Amino acid sequence: MVMEISASGVAQPTLPTLYEYYTTGGIKSGLNAGQSYFTLNERNISLYSGAMHYFRTPKQLWRDRLRKMRAAGLNAVETYVPWNLHEPTPGQFDFGSGGSDMQDFLDIETFLKTAQEEDLLAILRPGPYICAEWEFGGFPSWLLRGDPPVKFRTSDPHYMNPVKRFFNALLPILAALQFINGGPIVAFQVENEYGSTQSSTFKPDRKYLRQLRQLYLSNNITELLVTADGVSAHKAAGTLPEFFLVTANFGGNPRSSFDALETIQPGRPKMAMEYYPGWFDHWSELHHTTPDLLLTINLEEILTYPGSFNIYMFHGGTSFGFLNGANVADSLTDNSGFQPDTTSYDYSAPLTEAGNYTRKYALIKSLLAKYAYPKTQIPAPPEVIPRVVYPSIPIREYLPLKQLIDSQSSGLEYASPLPMELLDINNGSGQSFGYITYRKTQLNLPAGSTLKIAANIRDTLLVLVNGVQIAPPLKASADLDNFGFWRQSPSTIQLTNGFLRNATVDLVVENWGRVGYGMITQFYQHKGLWNNTVSINNHTIQNWKHIPLEFKKTWTQKLSGWRPMQTYKSPGLYRGFLTIDSPLADTYVDMRQWTKGILIINGFVLGRYARIGPQQCLYLPSPLLHVGRNEIIIFEHYEASDSIRFTSDQIWETI
C-alpha cells in the first residue's frame, strides 16, 4: 500500500490509480465476461463508462473532456469510429495526417493514449455502421456508386470487400492499444444495433457477423467482443450469443433490459452499452431536455442490479462541417419524412457541447462516489474553459452565388440530372458533402413558364433564373411544406412573369445530411436530383451541366472576385474579419439575424444554421481560431445580416 504524509506528519494510505490497481504485478489477461461479473486482469471490475466522440471535439480539447470524465468517477470512455472520415476516398486513409479537412480530429491513436494518461480505459465501437446521428451512419458515400448496388450490412462481397480494406487499416492501430498489450482498450463492439434491421423484408445476416468477428481475430484483436441492441424489442436477432457478450441500449426501465439479457445469456455480466441521459435534435423541432431525477433513478437501478453502463452521450460535442446525420419519419423511403439533425450534438448530456458541467454531471459524480468499486484516485474536476463574447464584426465583402457558380470550371455534363455521389470527381469516388448545381443555359422561357421537379428533392433547392433566386425562403417550420424542400412530390414553381431569351437556370441542391438510422432500404439515399425528371412547361430538359460546390478548405481559401458589400437580399458568400489578440477563447456565433446556410471559419466549415431552430448559435472552439485576423465566411441561402455577432452560450428556440 502506498503511503503519504499528511500535514500533521501522520502516514496515511493513498488510493491507487485505476491502472495501478489493475496492472500491479503485470498484465495476465484482459476483460473477462465468463461469469456473472466482469474481471480485468483477474480482478473484479464494473464498467462506469461515458461516450465521447473524438471526431466531434477538437484534438486540443480532448484532454480537458477526458479529465472531466475521470473526475466524475468514470473508469472508461467509449467512442465510435467514423469510416467516412477515415477513408474519404477508396483506399486513401486519414488517421490524423491524411490531408483531409478533418485530419486534426482523426488522430485516434493519440486520443486513446490521452485517455490512458487520464486514467481511463476505453471501449471501441468501429462499426462499420455506427449510427451516432452521424452523416450516413458513418458509411462513406462512395459505397453508393456500387454496380450492382452494395447490400449494406450483409455478407455481400461488394460490401464486405471495402469493409475488409478499412478494418485491415484500422484494426492494427487498435490492436497495439489493447489492454493486454499495455494499452487502454478493453472491449470492441461488433456492428451496431444490428437487431434493429429486422423487418418483414430483411433478416439479420449471421454470416456477416461471423465475417466481422473473423476480421477482428485476423487482426490480432483478443479483447472482449460485444454487440449492443434494444434487447427488450429485438432479443438476440442481431447477435451471436455463442461468440459475443450481448449488451443493451435503453433510455429507461433498466431492469427490463437486463432481465432480457439474462434470458439471452444466463449468468453473464449485464451492461448498458447505451444509457441515454438526453437525446439529439432535428431542425424545426423542439430542443430535447430530460429530467435530472430520471437519470438518477435509472443509474441507481443499473448500479444495484448490479450492472455496468456506458452513458451515451457523456459529452456530445459538435457535428462540424456537413457531418450531421438525419432520420426519416415513419420509415419512409421517398425522403418526404426527412428529419435532418442539428449541428450541435449537445444531447442534453452531463458535459455540454462546450464542456461545461451540468446538474447531471454532479449527480453522476455523487452516485459513483457512493457505489463505485474499487476505490481509486479521482482527480479534482478541471476548471471550466472560459468563453468570451467577441465584438460584432461588419460584413465587408460579398460574392454572389451566380458569380461563384460561373467561376467553376469543373462542371460535368450529363444527359439527365445525376446525384452528387455519381459524379466523376474525387478520383472516381463522387461528391460526398455540400451542394450540387444543375445548370441549363440558352433557354427561351415564355411568360409564366413553370419548372417541375418530378420526385422529392434531396434535400433543399435554390432556383436561380439569370442569377436571381426565386425559390421561397425558409423562415419558419411551416415553410418546409413549400416548394424547394423535401416534402413535396412533385413540386412546381413559376420561373418568370415575362418572356426571357437565352436564360440560364441554376438548380442548387443541398445535401442536408444522409440518414444514419433505419431500415436497410433507407441506406440507398443519393443526394441531389435522384431518379428525377426536370421539366419546363411539361418538356423534359436534358443535358445539364453539373457543378459541385463542396466547400473544401483549399477551394474556399482560393476564392476570388469578392465585391464590396452592397446587398443582403440575395444568396451568396458574405465575408468579415475577426481580429483577436492573445489569448484565444471559445465563443458562440449568434446566427439569429441570418436565415439559412453554413458558416466557415478560416476555411473550415463550422456547421449549418437555420432560423427554424431549435439551434440558434454555433459553438466556435478556440483551436479553430488564431491570433491575428480570422476570416469568417457565411454562405447564406436567402437573406443575410449586416454583421456577425457572438454570444457566450448556446440559444435554443423553435419558431
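Visitor: How many aromatic pairs does the count come to in this model?

Guide: The count comes to 54 aromatic pairs. The model is a predicted one.

Visitor: What makes the aromatic pair of Trp83 and Phe166 stacked?

Guide: The planes of Trp83 and Phe166 stand 10 degrees apart, with 5.5 Å centre to centre. Centres within 6.5 Å make a pair, and planes under 30 degrees apart count as stacked. The pair is therefore stacked.

Visitor: Which parts does this pair tie together?

Guide: Trp83 belongs to helix H3 (residues 83-86) and Phe166 to helix H5 (residues 157-175), so the pair joins parts 83 residues apart in sequence. Trp83 and Phe166 are both buried, that is, under 20% relative accessible area.

Visitor: Why is the pair of Tyr435 and Phe551 called edge-to-face?

Guide: Between the planes of Tyr435 and Phe551 the angle is 70 degrees, and the rings are 5.9 Å centre to centre. Planes over 60 degrees apart count as edge-to-face, so this pair falls in that class.

Visitor: Where do Tyr435 and Phe551 lie in the chain?

Guide: Tyr435 is in strand E19 (residues 435-445), while Phe551 is in the loop between strand E27 (544-549) and helix H12 (553-556). The pair links distant parts of the chain, 116 residues apart. Tyr435 and Phe551 are both buried.

Visitor: Turning to the helices, what makes H9 roughly parallel to H10?

Guide: Helix H9 (residues 292-304) and helix H10 (residues 359-371) pack at about 25 degrees, and their axes are 10 Å apart. An angle under 35 degrees counts as roughly parallel, so H9 is roughly parallel to H10. The crossing of H9 past H10 is right-handed.

Visitor: Which residues make the contact between H9 and H10?

Guide: H9 contributes Asp292, Leu295, Thr296, Leu299, Glu300, Leu303 and Thr304. From H10 come Arg359, Lys360, Leu363, Ile364, Leu367, Leu368, Lys370 and Tyr371. Sorted by class, this contact of H9 with H10 has eight nonpolar, two polar and five charged residues.

Visitor: How do you know that H8 and H9 are roughly parallel to each other?

Guide: Helix H8 (residues 254-264) packs on H9 at an angle of about 30 degrees, with the axes 9 Å apart. The limit for roughly parallel is under 35 degrees, and H8 and H9 therefore qualify.

Visitor: Which residues of H8 and H9 meet?

Guide: Pro254, Arg255 and Phe258 of H8 meet Asn298, Glu301 and Ile302 of H9. By class, the contact of H8 with H9 has three nonpolar, one polar and two charged residues.

How values were computed:
Residues numbered from 1 in each chain as written. Predicted model: local features only at pLDDT ≥ 70, side-chain atom pairs only at ≥ 80, totals over all residues. Heavy atoms only, no water. Axes fitted to C-alpha atoms, helices over the stretch in contact; angles between N-to-C directions. Helix = DSSP H or I, 4+ residues; strand = E, 2+ residues; numbered from the N terminus. Parallel < 35°, antiparallel > 145°, perpendicular 65-115°, else oblique. Left-handed = near helix turned anticlockwise from the far one by under 90°. Contact = heavy atoms within 4.5 Å. Nonpolar A, V, L, I, M, F, W, Y, C, P; charged D, E, K, R; others polar. Phe/Tyr/Trp six-rings, centres within 6.5 Å; stacked < 30°, edge-to-face > 60°. Buried < 20%, exposed > 50% of the residue type's maximum accessible area, 1.4 Å probe, protein only.
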